[in-house]
Amino acid sequence: VELDSSKIAKTHYIQQNDQETIKKYEGEITGYNERLKQTQEQHATKLQAIEETEKEITDLRYKLQNLKEEKDELNSNDPAVVKTWSFSEPWKFLRRVELEFKMCVPYRDVSISRWDNGKCTWEQWKETQDEDGATLVSGKVVGSFMRGVYVSVTITTAKKYKYASRIVDLMNRIDLGEKEEQNIKKIT
């Protein structure tokens with residue numbers, strides 16, 4: 001016996017069984033898809049939270065780096081002008097001028113520089129320090145100036161003395177920032 005086609009018609013029972021199996025598998029596929037969507041949403045939420053935390057840590061590190069750089073810049077022995085006294089009066093031809101000055105700065109370790117445009121004397125120059133560590137500079141400038149009066153006294157000190165309170169504030173802010181960074185890392 002030779003057959004041209006090997007197709008056999010399914011009985012009603014087999015067709016019904018196949019449809020039930022297909023419905024069962026479609027239900028499982030739908031369930032898997034829903035769980036996959038929920039998992040993707042949860043992962044997206046967690047990923048967004050991680051990205052926000054990383055951004056927060058990066059911003060905090062950037063701020064800490066800026067604070068450390070500012071502290072290092074201020075905590076140096078570079079000179080910083082504390083106080084300046086100057087007088088300028090142009091075109092007082094051959095006029096004798098006597099100028100008194102008195103300056104007080106709250107630092108002990110200071111450098112004092114004087115400048116004038118010539119032909120004058122610095123009289124009664126006095127540098128003293130009181131028991132609190134403040135430096136007092138006083139004196140008198142006397143002279144006849146052909147083209148006007150130009151004199152100045154500048155008191156400088158190291159930046160670490162002038163900005164001592166700012167340095168302490170920066171160190172406190174750096175400590176707080178580092179603690180905050182550690183807290184953020186503990187949470188994540």
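Is Glu54 buried, partly exposed or exposed, and what is its relative accessible area?

Mentor: Keep in mind that this is a predicted model. Glu54 is partly exposed, because its relative accessible area of 49% falls between the 20% and 50% cut-offs. Glu54 is found in helix H1. It belongs to a negative surface patch, together with Glu51, Glu52, Glu56 and Glu180. Helix H1 spans residues 12–74 and gives the most to that patch, with four residues.

Now follow the charges to the salt bridges. The whole structure holds eight of them. In one, the side chains of Glu70 and Arg166 meet, at 2.7 Å from N to O. This pair links distant parts of the chain: Glu70 sits in helix H1, Arg166 in helix H3 (residues 164–187), and 96 residues separate them. Glu70 is partly exposed, at 29% relative accessible area. Arg166 is also partly exposed, at 28%.

Arg166 has another partner. Its side chain meets that of Asp169 in a salt bridge of 3.3 Å, N to O. Asp169 counts as partly exposed, with a relative accessible area of 34%.

Stay on helix H3. Lys185 forms a salt bridge with Glu181, and their closest N and O atoms are 3.5 Å apart. Both lie in helix H3, four residues apart, about one turn of the helix. Lys185 is partly exposed, at 42%. Glu181 is buried, since its relative accessible area of 11% is under 20%.

Next, the nonpolar side. The largest nonpolar core has 14 residues; among those that touch the most other members are Trp85, Phe101 and Trp122. Strands S2 (95–105), S4, S5 (135–145) and S6 (148–158) each supply at least two residues of this core. S2 gives the largest share, five residues. A second, separate core has nine residues, including Ile57, Leu67, Ile167 and Ile184.

Strand S4 (residues 120–129) also holds Gln124. Its phi is near 55°, a positive value in a residue other than glycine. Most residues other than glycine have a negative phi. Gln124 is exposed, with a relative accessible area of 57%.

The protein has three helices and six strands. Along the sequence they follow the pattern α-β-β-β-β-β-β-α-α. Of its 188 residues, 25% count as buried.

Key. Residues are numbered from 1 along each chain as its sequence is written. This is a predicted model: local features need pLDDT of at least 70, side-chain atom pairs count only at pLDDT 80 or more; totals for chains, interfaces and linings use all residues. Side-chain values use heavy atoms; hydrogens and water are left out. Patches are made of residues with over 30% relative accessible area and no salt bridge: like charges are joined within 9 Å, nonpolar side chains (Val, Leu, Ile, Met, Phe, Trp, Tyr) within 5 Å. Accessible areas come from the Shrake-Rupley method with a 1.4 Å probe; for residues, only the protein chains shown count as cover. A salt bridge is a side-chain nitrogen of Lys or Arg within 4 Å of a carboxyl oxygen of Asp or Glu. Lys and Arg count as positive and Asp and Glu as negative; His and the chain ends are not counted. The place of a charge is taken as NZ of Lys, CZ of Arg, CG of Asp or CD of Glu. Buried means under 20% relative accessible area, exposed over 50%, partly exposed in between (1.4 Å probe, protein chains only). A nonpolar core is a set of buried Ala, Val, Leu, Ile, Met, Phe, Trp, Tyr and Cys residues joined through side-chain atoms within 4.5 Å.
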